[in-house]
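This briefing concerns the chain shown below.

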Amino acid sequence: MSHIQRFPSAAKAASTNPLKMSQPLGAALAYLGIDRCLPLFHGSQGCTAFGLVLLVRHFREAIPLQTTAMDQVSTILGGYENLEQALRTIVERNSPAMIGVATTGVTETKGEDMGGQFTLFRQRNPDMADTALVFANTPDFTGGFEDGFGAAVTAIVDRLVEPSPTIVKTQINVLAGCHLSPGDVEELRDLIESFGLSPIFLPDLSLSMCGRQPSDFTATSLGGVTVDQIRSMGASVATLVIGEHMRIAGNALELKTDVPGHFFSRLTGLEASDKLIRLLAELSGQPVPAKIRRQRDSLVDAMLDGHFFFSRKRIAVALEPDLLYAVTSFLADMGAEVVAAVSPTQTLVLEKLKAATVMVGDHSDVETLARDADLIISNSHGRQGAARLGVPLHRMGLPMFDRLGAGLTVHVGYRGTRNLLFAVGNLFLSAEMDHDHHPAAHHDDHKTDGHKTEGHACGGGSCGCSAG
């Protein structure tokens, strides 16, 4: 792999089709996995509006999200009064179990002391002691979506989790990174419960973002892990930490409660899934259930059936870092060549990527690097570049607003890996079998009255046709 380029510098002065999403947006998604929670952006109304639209388009659900509505004067003089007023109004009108505050560039540029403001609010408002408050510093001028998500989960652990003198032998914690969809979380729940274990997911998007129809309007998140469950995480026997951006939160939880943590860089792929199942069997003391063994056999058979279509395929991938690592590792396992791996932010996990070119960039960089690719994997914002190149796009990650069921896709465990294998493999198979997508070619042996006629160049009939 001596041809690998690590982080080539981009010559352009501005991002023309951004891949990056902000820290506050990641924090908001983490807060949405808490039952009866209301995320609050400490910033201007515009900061909240754009994030709200993106989440609504992706999940196609009503998203509760509030703002402290900072203006020019309050930004310069200090925004504590706006923050206190917003918190009091939310508690009086909506009675949430928790309010999750995320700062924005407006307040972070001013340099407000969020820890001090938390303490001051508690002192001045003892009547609101029953409402859980979590403040996270999430400046949107640095870091990205994963950083904000991780910062919010770390803040939740610091504020709410309590050490426990007793241990519940069947209870385990799962710190689920933002690269896991609600469908992924539900799949993990099924796997864990198959071993007789009771998981506490932080956050639990499978209960709040899975698609539900409430009987009445609610201004807070509907479903998710409860505040009481979060406080009881210190009684668990182990913690599964999924994703590099959850490592700090995992370390904080272990340091505070002495619950041992087990880190997983990915849960997509045969080897990664085997590692998870072995640990669950060890923690539970039970043999692997027959249905999970059947799922593994099915994945192995699918890999055997599908590896012909992945071999030597050139793929460009642009996703958030931990999802980028999971997908590129899976593609390498299947024998494909990742010609470009583009991340919106710089993180340690990028050093482990198996790709010809790894860089921090945007969708315009993907368009440049994917000119000779057979497939692009990215979110819905990559569709214009893929269309200009005439390269198929497999949509993953967030946002995915031009497909239904984006939040319920499953890419983890044996079944999720099989789903991803079939989805990508079918794109390659379609390109070979569908004559409408074959490039026209001029063949000297196809002549009529001295003129060349057009045939299709499928590589000698590899698609099963009679072209020679």
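Among contacts in the chain between residues at least 6 apart in sequence, 70% join residues at least 24 apart. The model is predicted. The chain holds 17 helices and 16 strands, and 54% of its 468 residues count as buried.

**The sheet β3-β2-β4-β5**

- Four strands make up an open sheet in the order β3-β2-β4-β5, and their pairing is parallel.
- The edge positions belong to β3 (66-67) and β5, each of which has a single partner strand, so one side of each is left without a neighbour in the sheet.
- Strand β2 (residues 37-42) is joined to β4 in the parallel sense over 6 bridges, and His42 is located opposite Thr103 in β4.
- On pairing with strand β5 (residues 132-136), β4 again runs in the parallel sense, here over 5 bridges.
- Helix α1 (residues 23-31) lies across β2, β4 and β5, and its direction is at about 170° to β4.

**Burial of strand β4**

- Strand β4 (residues 98-103) is largely enclosed by the rest of the structure, because 6 of its 6 residues are buried.
- Both faces of β4 are covered.
- One side of β4 carries Met98, Gly100 and Ala102, while the other carries Ile99, Val101 and Thr103; all of these residues are buried.

**The sheet β7-β6-β8-β9**

- A further open sheet contains 4 strands in the order β7-β6-β8-β9, with parallel pairing.
- At its edges stand β7 (198-202) and β9 (261-264), each with a single partner strand, so one side of each is left without a neighbour in the sheet.
- On average, neighbouring strands of this sheet are turned by 20° against each other, direction ignored.
- Strands β6 and β7 run parallel and are joined by 5 bridges; within this pair, Ile172 stands opposite Pro199 in β7.
- Helix α8 packs on the sheet and touches β6, β7 and β8 (238-242), with its direction at about 155° to that of β7.
- Helix α11 (residues 247-257) lies across β6, β8 and β9 and runs at about 150° to β6.

**Helix pair α4 and α6**

- Two packed helices are described by the angle between their axes and the distance between the axes.
- For helix α4 (residues 80-94) and helix α6 (residues 114-124), the packing angle is about 50° and the axes are 11 Å apart.
- The two helices α4 and α6 are therefore oblique to each other, and α4 passes α6 in a right-handed crossing.
- From α4, the residues Tyr80, Glu81, Leu83, Glu84, Leu87 and Arg88 meet Met114, Gln117, Leu120, Phe121 and Arg124 of α6.
- Sorted by class, this contact of α4 with α6 comprises 6 nonpolar, 1 polar and 4 charged residues.

**Helix pair α8 and α12**

- Helix α8 (residues 182-193) packs with helix α12 (residues 270-284) at an angle of about 40°, and their axes are 10 Å apart.
- This angle makes α8 oblique to α12.
- Leu188, Leu191 and Ile192 of α8 form the contact with Leu276, Ile277 and Leu280 of α12.
- The contact of α8 with α12 has 6 nonpolar residues, no polar and no charged.

**Selected residues**

- Asn173 belongs to strand β6 (residues 171-176).
- With a relative accessible area of 0%, Asn173 is buried.
- Leaving aside its neighbours within four places in sequence, Asn173 is in contact with Ile200, Met233, Ser236, Ala238, Thr239, Leu240, Leu253 and Val259.
- Gly46 is part of helix α2 (residues 45-59), and at 34% relative accessibility Gly46 counts as partly exposed.
- Gly46 and Met70 are 24 residues apart along the chain, and their C-alpha atoms are separated by 9.8 Å.

Note on methods. Residues numbered from 1 in each chain as written. Predicted model: local features only at pLDDT ≥ 70, side-chain atom pairs only at ≥ 80, totals over all residues. Heavy atoms only, no water. Axes fitted to C-alpha atoms, helices over the stretch in contact; angles between N-to-C directions. Parallel < 35°, antiparallel > 145°, perpendicular 65-115°, else oblique. Left-handed = near helix turned anticlockwise from the far one by under 90°. Contact = heavy atoms within 4.5 Å. Nonpolar A, V, L, I, M, F, W, Y, C, P; charged D, E, K, R; others polar. Buried < 20%, exposed > 50% of the residue type's maximum accessible area, 1.4 Å probe, protein only. Pairing = 2+ DSSP bridges.
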